[in-house]
Structures are given as C-alpha cells and as structure tokens.
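Subject: Structure handover

Hello,

Here is the structure for you to look through. My notes on it follow below.

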Amino acid sequence: MSTVIPIRAETSGCTDVVPLVERGQREVFCGLTGIIWLHRKIQDAFFLVVGSRTCAHLIQSAAGVMIFAEPRFGTAIIDERDLAGLADVHEELDRVVGQLLARRPDIRLLFLVGSCPSEVIKLDLSRAAERQNQIHHPKVRVLNYSGSGIETTFTQGEDACLAAMVPGLPASAPDTAPALMVVGTLADVVEDQMRNLFDRMGLQVSFFPPRNSQAMPVVGPNTRYLLAQPFLADTARALQSRGAQHLAAPFPLGVEGTTAWLQAAANEFGVATEVFEQATAAPRQRAEKALAVQRQMLQGQRIFFFPDSQLEIPLARFVHRELGMDLVEVGTPYLHRQHMAAELALIPEGTRISEGQDVDLQLDRCIADAPDLVVCGLGLANPLEAQGITTKWAIELVFTPIQGYEQAADLAGLFSRPLKRRLKLAA
Amino acid sequence: MQLTLWTYEGPPHVGAMRVATAMTDVHYVLHAPQGDTYADLLFTMIERLPRRPPVTYTTFQARDLGGDTAELFKDAARQAMARFNPAAMLVGSSCTAELIQDDPGGLAQALKLTIPVVALELPSYQRKENWGASETFYQLCRHLVHKPDSGKPAKARPTCNILGPSALGFRHRDDVKEITQLLNQLGVDVAVVAPLSASVADVQKLAEADFNVVLYPEIGLAAAQWLQRQFDQPYTKTVPLGSHATRDFITEVCALTGLPQPAQDPSNAHAHWYAKSVDSTYLTGKRVYIFGDATHVVAAARIASQEMGFEVVGLGTYSREFAREVRDCAKRYGVEALITDDYLEVETQINALQPELILGTQMERHIAKRQGIPCAVISAPVHVQDFPARYAPQMGFEGANVLFDTWVHPLMMGLEEHLIGMFREDFEFHAGAAPSHLGSTRPAAENVAPTVAAPVATPVVVSAAPAPTDTLITHSVQKIAVPAQAASNQATWSPEAEKELGKIPFFVRGKARRNTERFAQDQGVATITVETLYDAKAHFSR
C-alpha cells in the first residue's frame, strides 16, 4: 500500500492566486452563530449575547430544536429604556447576569457576546466583563468577545471567542519540553481519535478549547500549535503573542489533509518514520478504501462553493484531489494567506477563488457555469434546487464531524448524497 | 434589558419581510448589517419557498460605519431596482441600522425612482414581528390603494377582499383556499387576497370590493380599519375558526351582503357529528391549556369549550397588541389570561395547572413533551412540520375537521383508552408485555395456557371501594383486580372450573377469578367447582 502521500504539488498551485474580491450584499451568518457549537464544546460555559430581538431570533433559528434543552446561551435584549439612557446599561447588565447565574449555578465561565447593536452604541463589554468578574469572582469567570455581523462572519465568532480566552490561559513552566496544542473546536469523537493517534506517536497533546473551563491548557514559548480549523486568525495571533509557535500544515480534512496535518506535528517532535507509519497506516488504509466508493460517484463532477465558513478552500482541495471533482469557483468569506498557504499550493492553478461576496453577481456566475453541485447556505439552497441545480447546504459541514481519517468517507458522503438523491428521484 | 432564551416573535422587519415575500412584485431594501440575511432561511427552509425572499440587504460592515452607509443604501436600492424591476419598493432599517440613523425613506426619495416607494418606520426596540407585518401592510395600503371611480360597474355578485394572509403564516395557504370556497358557495366573489400572492395592482384595487374579510387581525386589522374609514368598506369581525364561528361568519357575511343564509352545513362538516359520537364522550371535561397568538387562542378556547366539551383551565397569548381581547375571552371561562412573551412563565403556569391537553405553539409542544402531557399546535411560531404538504386548513368546516383530528389524536382515542384499561392485566397487554407486532418473547408454555393469569409487572392498585355489586362479566375498568394473592387459606380450582373460567372473555377473566376466590374464601369453600363459579357470579350480580 501507499506510504505517506507526498505533499508537493506539480505546480505551485494557487499559492500566488489573486482572488476575485467582491463587495456587496452578503448571504452569510454573523459570528453569533458560533455559539451554537461552542456551547456544546465547553460544557460549563454560558454565552450571553447583548443585543436585539433580531440576535435572539437568529440564534433561535440557527439552533433549531436545540433551544429547548436548557441551552447554555441566551440574549439580554436591549430595549428602548437602555437606548434612551433611562436605564444604566451596566446596572441592567448586573441585574440580568445575576438573574442568569442564580438560575444556572453550574456555570463557571460566562461570555458576554457583543452584537451589532451593542457595538454600534459602543457598549463597553470588556469593562462590563471586568466588573462582572469582580462581582462573581471566584465562582464564575466572565470574558467578552464580539460576534457581531459588522465584524465577524459565521465561524469567525469562534475565532473571536477563543482569542478572548488566550490571555487567561495558564502559562507553562519555562523549562519544560515543547508540547503540542490542537487549536479549534472539534467534535468530541474526532478529538478522541486525534488524541489516540498522537498517543500512538508518543506525543502529549492538549486541545483548545477544552471541554471544561476548569481544565484550560497551558501555553508558553514551548507550545507548538496545530490549527484544526482554518478560521482562527486572531486566536493564532493571540497564541503567538504568548510565545506559542504555529506548525504550518493543511487542515485535517480527507486522508491527505489528515496525514499531512499529523505529519507536521510528527516532524516537529521528531517522531520516527516507522512510528508515524505504524500509528497511521491502518486508519489511513481504511479511509482510502471507504473513499474509493465515494470517488466513483463524484469523479469529474463540477462543484461551486459559495462563501460561508472559510472551510471552502480545504474542502475544495479535498474534493478535487481525493474525489476527483472539478472546481468551478471556490468562494471564501475571508482569505488568510498564511494559514491557507499549504492548502492553496494544492489547489490547481487557475482555479477561480473569490473572497467576499456580491450575492446577486455570484448567483449570475453560478447559474451561467451550471455546476453539478453547489455548496451554499440555506437561504440559497432551495431556490437553486428549484432552478434545477443540485446543492449541498454548507452549515452541515460545520456541525458534522468531518475531520480525521474515520470521517473522511462521511465527509465525501455529504457531497455525494445530494447527487445520488437527484438520480434516484429522476429515475 | 430582558433576559431571553426563546422568543415567540421575531423583530418587526421580519414582519415586513413576511408581507414583501407574500406579494408578487414588491421588493424590500433593508438597511442591515452582515448576518441579518439569516431571516431568508425562515422562508426557504420552514415554508420551503422555492425562491429567495424579495429582500436586498445593504450588508454594512464595521469599516463602513465611518459615514458612507447612506451611499451603500442608495447603491443597494438602485441595484435592486435595476435587477428586480419591482412595481413597488419597501425601504427600511433593521435594528442596527435604526441606531445609525440613516433615513432610508429620504435616501430612496432622492433616487427619484419611478415606482411607489413605501418607507417603513419599524421601532425594533419596542415592537415585534406581527406588529411589523401589520404596519407594513397598512402602509402599503395607504400608499397604493386608489379611490374607486364613482361609477362602479354593477356586479352580478357581491365581492370581498381577504386581508391578512402572509408568508410564514400558520396554515394561511389552505385557510385562504377554504374561505374562498366558502364565500363562493355563499355567492360572494373574492376580488383580492392580500398580502399573500397579491400584486401591487391588486392592492391598488382593494377599495373596489364591497367588503373585507379579516382572516388574521394581527396582520390585517389595521388595514381593514383604515379601508373602512377611507372608503366606507365594512369588514368582518368573526374569524371563521371552528364550526360555531364559521356559522357566525356565514351569518355575518349574509348580513353584510343581503344574501340568503344556507339552510344547513355543507356535506363535509364532519367535526360536529364526530364530537357528538359516543366515542367522544371521554373528551368531556378534559382539562385544556391554551397559548398562542390572540386570534388562535380566542378561537381555540371557544372550540375547546363549546365544540369539544373540554374544560379550559388556563389561556394566554404573546400578542400584547390584543391583550384586551384575550383577557375578555379568559373571563368567559373563569380564568386569568397570561399575557407574556417569556416561555418560562408559560411553563410555570402549565406546571401549576397540570392540564390533560395543551394547545399551543412549537414552544408549548416542547414544554408538553418534557412534562409528558399531550399537545397539539394551534398557532405560530411553528416549525417545518407545520407547513405540511397536504391540505390542512384551520378555518371553515374543513378546518374544523382538521382541528378535531389534530386535537384528539394526541389524546388516546376513547375506545383505545377503554380497551387498554380493560386489558391491563391480560398476558398480551400488561405493562411488561412486548408489543405483539415484535413477536412473542415469552416462553411458549405461557402462550398455550391462556387460562393462567399472567403476573402483572407493575401491581395494579386494587380499588378500596366496597365489594363490587356488578355482574361477573363487567366492563368496569377500575375494579379489575390483581391476580389472586397466594394466601394460606386459598381455595383451589377444580380442573372443570378452571376450564369454565377459560370461557370467560380474557379481558374480564382476572376479575372473575378474583371474585370467585373471594366468594369461596367467604363461604369457606375449599375447592372451587363450576357451581362455585356461578354461585359467585350470582352473588356479585345482586
């Protein structure tokens, strides 16, 4: 069987690509949406949005039925009394936070999450968080970040949240050996698999964010971190400022991405080739076998990505290189060249990459291109289907476990299922 | 500030979107930050619309806040005009844009568009979704409705408009169809339905009809009242939800038009008979709690009380605009109305009242699920399953049929409940028995010996009532006894008597066994014969 898939492109790929940058109407979520998976991850944290009824309605719509299981998120809705200055906003916030913590005594970490309205009225949530910290110390820690639409797009909400946690991470002892940290929310099942793989390579690894706020990973100049998600620009910068060093790698999507991602850590920590091979060979072969089935369905199909989560470029790399799909357009809300460098090198030269969005113009292009599969948000999916275009709704790619070997075929299945369904219903 | 986990209504601009999306040639240019497009998916996913809502968002970002947001708005409006070529444009602000105080109305005016532009003032920090829809429809009417020519052409039949149905409305699609049919049968033609599937030209003609039918006061009443003030156009006050209300609605329409009242209900009016049929007897006095929008709550209370024979033990609404109507309604049932948009208050009240049935929104469905109480959905907000593919009106006679089925279904059907009570101890039906469709999991011996009363997994409480005086073969459910306890002075069954016992229908066999054994014990009989069995039957049937 094959050994490690070589990470080298025949050409420089899209490394020097000049993306099509567009400004206009954007059909994307704001960063508040990140709360929906973040609160599942950090089990003793509560996310309190300070915003309007629109914010509450957004989270409710995005959370679907999850809202009913005593969720650990909510909205402090600003009303006209707050705006007119009739009520002291900070006192109001004291009251709401007190009410909340009395109701949920199990909460140890509280995020005050900024929104467009709170940013526009320049409500100083960092000061509010400090104040709440003094009131509720030591039982509850209070942090703040902004998930507003004017500043963040969808997954960038996670970036802002993690970046807010970094300054408070405990410092690692200065003379300890280098240690590995994996940064970015992974489903628990994926996290366990990754931990297991690193174990087999003899590497101690910590994950950030942790599952519990009382078990924050340590950070310092001896920290080497791998990004598990592509949307963590600010978090990376914050970690860098604590002395941590980034290990450049593609993202762990598909067999190739996962292997290269693990390899980056193995190389840094001097894991012997045969140890790496032994740790990864079995799951790699399993995943390759499972992917081969999916490849038959997807080979040669033309795919178009609307911008949504910044996962688009790694996903495009995966579907192109491992499933044989042709890339029509790869849209991303934001292109971080440094974090995306390893990915861009693997995207075929000449691929149309777009950053930002003018949704009407992009829809025009999409319809003119007539791709076989379009990855887009739920606001566009049914309207495109009604025009005879097969779609895969993008948000599922954020909520479903897709990283690592064992999920590679599941990830491919997310792309093949709509095409299969179309064939079945047409028959 | 108000702590919120769940909200019954969205912000008012979502109400405006519901009106714009309902109509065919209106475009809404909404001054809003990136992210507010989430509302599109309410329409494309929950209502499963095959098209994008006709809304252009300006999508301003933090870097735009310096001062060119106004220009951004003008660009968006200009581009929307060129691309979508609407017959009228709505312009307005979402909650964040309201704070930055650009003036969409003034900015749109400066563009000198050739179509009517309606500027919406929707105070996001005071009002909510239904108010937004109502205000938008009202403003559209004010801007668009033409005064009819004085020489109206004489029409063969009276005409009316149907006001209120919108996008994302709970069963609006089918209610419109049902009420249109009902009006047609009465001899009334429907001129315009608005805002649902109306064009700008349709709205312009609203004043030409003889009267208005207000199906959903939350959205249509303000416009209907304005049309009455401006054009002397009367409107209906009865919402035809339920058989009684539908009849009242017919009476009202006949009074408005001078048409003759039909002698009897149409042939599809089944709900009334179903409620009278003996199987519905068990519905009598079932304790019901009702929550939702004002219109559906007031109607549901009447149906529950007068048409189903339930007892209304509590009701409430999140529609503050109609709090007075709901309070008046609650008084008729001797309860206090709960006016709140906090689902925790609703949950607390349900907890305290412990009703047997909850009629509510999606939220009450989840409260009910947590508490193990049957529940049916009567009002928005609802999830995707309540925008069904099948025909499912709430209004008119077919609507009454749908309501009967929907409300009764979660309760156990009367016959089913009765039978399960009777069979509670049978080997096939006791609490520990596996469902028969999954195949038998018990030992074969038990299956071939049906005369042996199977052990009951959970003991049934024996009624402490005095000795039963009814016959051996009885349908009395509560008095069915547990299988005979192994007591020291227990009489033994002769084989003949055991065989005779086996001839008694299995669902009362346990009771017959117990009564006979008790009789034998009282009489000091050691061996139960066939004679003893019938002596016991005669004894207990006195």
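How many disulfides are there over all chains? The count comes to 0, where a disulfide is a pair of cysteine sulfur atoms within 2.5 Å. In general, a disulfide is a covalent bond between the sulfur atoms of two cysteines. B:Cys160 is in no disulfide. Its nearest cysteine sulfur belongs to B:Cys254, 12 Å away. B:Cys160 is buried, because its relative accessibility is 0%. (Buried means under 20% relative accessible area, exposed over 50%, and partly exposed in between, with a 1.4 Å probe and protein chains only.) B:Cys375 has its closest cysteine sulfur in B:Cys329, at 18 Å, so that pair is too far for a bond. B:Cys375 has a relative accessible area of 17%, so B:Cys375 is buried too.

Some ground rules. This is a predicted model, where local features need pLDDT of at least 70, side-chain atom pairs count only at pLDDT 80 or more, and totals for chains, interfaces and linings use all residues. Residues are numbered from 1 along each chain as its sequence is written, chains are lettered from A and ligands numbered from 1 in the order in which they are written, and side-chain values use heavy atoms, leaving out hydrogens and water.

Next, helix pairs. Two packed helices are described by the angle between their axes and the distance between the axes. Axes are lines fitted to C-alpha atoms, for helices over the stretch in contact, and angles run from 0 to 180 degrees between N-to-C directions. Helices (H or I, at least four residues) and strands (E, at least two) are DSSP runs, numbered from the N terminus.

Start in chain B. Helix 6 (residues 129-144) of chain B packs with helix 9 (residues 217-231) of chain B at about 30°, axes 7 Å apart. Therefore helix 6 of chain B is roughly parallel to helix 9 of chain B. (Angles under 35 degrees count as roughly parallel, over 145 as roughly antiparallel, 65 to 115 as roughly perpendicular and the rest as oblique.) By class, this contact has 8 nonpolar, 3 polar and 3 charged residues. (Ala, Val, Leu, Ile, Met, Phe, Trp, Tyr, Cys and Pro count as nonpolar, Asp, Glu, Lys and Arg as charged, and the others, Gly among them, as polar.)

Helix 14 (residues 343-353) of chain B and helix 15 (residues 362-371) of chain B pack at about 40°, with axes 11 Å apart. So helix 14 of chain B is oblique to helix 15 of chain B. The contact residues are 5 nonpolar, 2 polar and 3 charged.

Now chain A. The axes of helix 7 (residues 156-165) of chain A and helix 9 (residues 233-241) of chain A come within 7 Å and cross at roughly 15°. So helix 7 of chain A is roughly parallel to helix 9 of chain A. Their contact has 4 nonpolar, 1 polar and 2 charged residues.

Which residues of helix 15 (residues 378-386) of chain A are buried? They are A:Leu378, A:Gly379, A:Leu380, A:Ala381, A:Pro383 and A:Leu384. Their packing partners include strand 13 (373-376) of chain A and helix 2 (40-46) of chain B. Just after helix 15 of chain A, A:Gly388 takes a positive phi of about 90°.

Last, a loop residue. B:Thr24 lies between helix 1 (12-22) and strand 2 (26-31) of chain B. B:Thr24 is exposed, because its relative accessible area is 54%. Leaving aside neighbours within four places in sequence, B:Thr24 is in contact (heavy atoms within 4.5 Å) with B:Ser197, B:Ala198 and B:Ser199.

Best wishes
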